[in-house]
Amino acid sequence: MITKHKPFLGNRQRDHDPVWHVQLAVIGALLLQLLLPDRFVAGPHFSLVILEALLLLALVITTPRLPVFSSIRRRINVIALLSLIGGTNAYALFKVSSILMTGGRIDNGPDLVLAALNIYLTNVVVFAMLYWEMDGGGPGKRRSVSLETRDFFFQQSRIEELRSIWHPTFIDYLYLSAINATALSPADTMPLSRRSKMLMLVQTFVALITLVLVAARAVSILQ
């Protein structure tokens, strides 16, 4: 007798998006910023991280424990947190790039490698959160909208058995962000809207500058 099993991916689905994945990724980004050399940080080092930690705590408090969470206070906290982390990361990239392009000297190879790694990984986390918050109106609305109004098209939507039960969570957007920053292409998840294409374009440029300019210079210093 042959027993028909449900698809593995369908068995792992929940009726809402887990938020602990996002919280863990943000904590990782904050720890990365603590390791960033002081010369590449805008303002007091620990003050920025403490402020970001407070925003993360506020995000946890303002996220309702319901399958659909789309409160205005939560969205404001998300925007503020992403703006602060993204702005800090952009400043670090600008600072490193300007020093290298204007003939400045950075003789400490390990510090430059650490800065490049911080910028690259923080870039992945920030854009993963942006994609997660943007696609289909955010995690509170995404499951109730049609595929035609979504910003990204995942391959699972092609499979008939999964189309009605599979929904992307933060892990899927983290994977999308990491692949886009590494391969400089969207791989198997395609951007549908113009805003998603522009965001992926910006992320690609950040990753390209980090890998080509900063990382290459760090390797030359170490050699």
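Student: In which helix does Leu174 lie?
Tutor: This is a predicted model, in which local features need pLDDT of at least 70 and side-chain atom pairs count only at pLDDT 80 or more, while totals for chains, interfaces and linings use all residues. Residues are numbered from 1 along each chain as its sequence is written, and side-chain values use heavy atoms, with hydrogens and water left out. Helices (H or I, at least four residues) and strands (E, at least two) are DSSP runs numbered from the N terminus. Leu174 falls in the helix that covers residues 170-183, H7.

Student: Is Leu174 buried, exposed or partly exposed?
Tutor: Buried means under 20% relative accessible area, exposed over 50%, and partly exposed in between (1.4 Å probe, protein chains only). Leu174 has a relative accessible area of 25%, so Leu174 is partly exposed.

Student: Which residues does Leu174 touch, not counting residues up to four places away in sequence?
Tutor: Contact means heavy atoms within 4.5 Å. Tyr131 is 43 residues from Leu174 along the chain, and their C-alpha atoms are separated by 8.6 Å. With residues up to four places away left out, Leu174 touches Val124 and Ala128.

Student: Glu133 is in contact with which residues, leaving aside its neighbours within four places in sequence?
Tutor: Glu133 lies in helix H5. The relative accessible area of Glu133 is 7%, so Glu133 is buried. Beyond its neighbours within four places in sequence, Glu133 is in contact with Arg74, Arg75, Val78, Gly138 and Pro139.

Student: What is the relative accessibility of Arg150?
Tutor: Arg150 lies in the loop between H5 and strand S1 (152-153). Not counting residues up to four places away in sequence, Arg150 touches Asp135, Gly136, Arg142, Val145, Pro168, Tyr173 and Leu192. Arg150 counts as buried because its relative accessibility is 9%.

Student: How far apart in space are Arg150 and Ser196, C-alpha to C-alpha?
Tutor: In sequence, Arg150 and Ser196 are 46 residues apart. In space, C-alpha to C-alpha, the separation of Arg150 and Ser196 is 9.8 Å.

Student: Which element gives the largest share of the lining of the second largest cavity?
Tutor: A cavity is a set of points on a 1 Å grid over the protein atoms alone where a 1.4 Å probe fits but cannot get out, and lining residues have an atom within 4 Å of a point. Gln33, Leu36, Thr88, Asn89, Asn118, Ile119 and Thr122 line the second largest cavity. Helix H4 (72-101) and helix H5 (109-134) are the elements that give two or more residues to this lining. The largest share, three residues, comes from H5.

Student: How many residues of that lining are polar?
Tutor: Ala, Val, Leu, Ile, Met, Phe, Trp, Tyr, Cys and Pro count as nonpolar, Asp, Glu, Lys and Arg as charged, and the others, Gly among them, as polar. In the lining of the second largest cavity, no residues are charged and two are nonpolar. The polar residues of this lining number five.

Student: How far apart are the end C-alpha atoms of helix H2?
Tutor: Buried residues of H2 include His21, Val22, Ala25 and Gln33. The expected span of a helix is 1.5 Å times one less than its number of residues. H2 has 16 residues (20-35), so its span should be 22 Å, and this agrees with the distance between its end C-alpha atoms, 23 Å.

Student: What percentage of the residues of the protein chain count as buried?
Tutor: The protein chain has eight helices and two strands, in the pattern α-α-α-α-α-β-α-α-β-α along the sequence. Of its 223 residues, the buried share is 44%.

Conventions. On a 1 Å grid over the protein atoms alone, a cavity is a set of points where a 1.4 Å probe fits but cannot get out, and a pocket is an open set with protein on both sides within 12 Å along at least five of seven lines; lining residues have an atom within 4 Å of a point.
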